[in-house]
Amino acid sequence: MRYKVTFVVGLALGYVLGTRAGRERYEQLRKSARGIAQNPAVRNAAESAGQTGRELAGKAFAAVSDKVGDAVPASLSGRVRGLRDRAGAGPEDEWGTSNT
């Protein structure tokens, strides 16, 4: 209960401070965030992290499925196999960006 109250207080404080800052400050923050997101180093790091995550998910699925066999639910196996297939499809992801 204490954590919920802390979360609600933080949410309320953020809302109050955000409304006082106004639209101009919001636009400044938005422009900064867009600049950071479009930075090639940040994009490459995010793409590398995504690729690594997909590879590790495939390895984890293989390790678990070897141990439990057919006990893995079909919905989970389909989801992870889709990730594994996507990771092995090539250097381009579903958004058309490459990890270069």
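Modeller: One may begin with the contacts, bearing in mind that this is a predicted model. Of the contacts in the chain with a separation of 6 or more, 48% are between residues 24 or more positions apart.

Colleague: Which secondary structure elements does the chain contain, and in what order do the elements run?

Modeller: The chain has three helices and zero strands. Read from the N terminus, the order is α-α-α.

Colleague: How does one judge the course of a helix from its ends?

Modeller: One compares the distance between the end C-alpha atoms with the span expected at 1.5 Å a residue. Helix α2, residues 40-68, has 29 residues and reaches 42 Å from its first C-alpha to its last, close to the 42 Å expected. Helix α1 has 36 residues, yet its end C-alpha atoms are only 35 Å apart, short of the 52 Å that a straight helix would reach.

Colleague: Where is the kink in α1 centred?

Modeller: The kink is centred on Gly-22 and comes to about 100 degrees.

Colleague: What caps the N-terminal end of α2?

Modeller: Asn-39 is the cap: one of its side-chain oxygens lies 3.0 Å from the backbone nitrogen of Ala-41.

Colleague: How should I read burial, and which residues of α2 are buried?

Modeller: A residue is called buried when its relative accessible area is under 20%. In α2 this applies to Glu-47, Gln-51, Arg-54, Gly-58, Phe-61 and Ser-65. Over the whole chain of 100 residues, buried residues make up 11%. The chain exposes about 8200 Å², and carbon and sulfur atoms supply 61% of that area.

Colleague: How many salt bridges does the count come to?

Modeller: The count comes to one salt bridge. The side chains of Arg-30 and Glu-27 form it, at 3.7 Å from N to O. Both residues lie in helix α1, residues 2-37, three residues apart, or about one turn of the helix.

Notes: Residues numbered from 1 in each chain as written. Predicted model: local features only at pLDDT ≥ 70, side-chain atom pairs only at ≥ 80, totals over all residues. Heavy atoms only, no water. Helix = DSSP H or I, 4+ residues; strand = E, 2+ residues; numbered from the N terminus. Buried < 20%, exposed > 50% of the residue type's maximum accessible area, 1.4 Å probe, protein only. Polar contact = N/O pair within 3.5 Å; in protein donor to acceptor, adjacent residues only side chain to side chain. Salt bridge = Lys/Arg side-chain N within 4 Å of Asp/Glu carboxyl O. Bend = angle between axes of the 7 residues up to and from the residue. Contact = heavy atoms within 4.5 Å. Areas by Shrake-Rupley, 256 points an atom, 1.4 Å probe, with all protein chains shown as cover.
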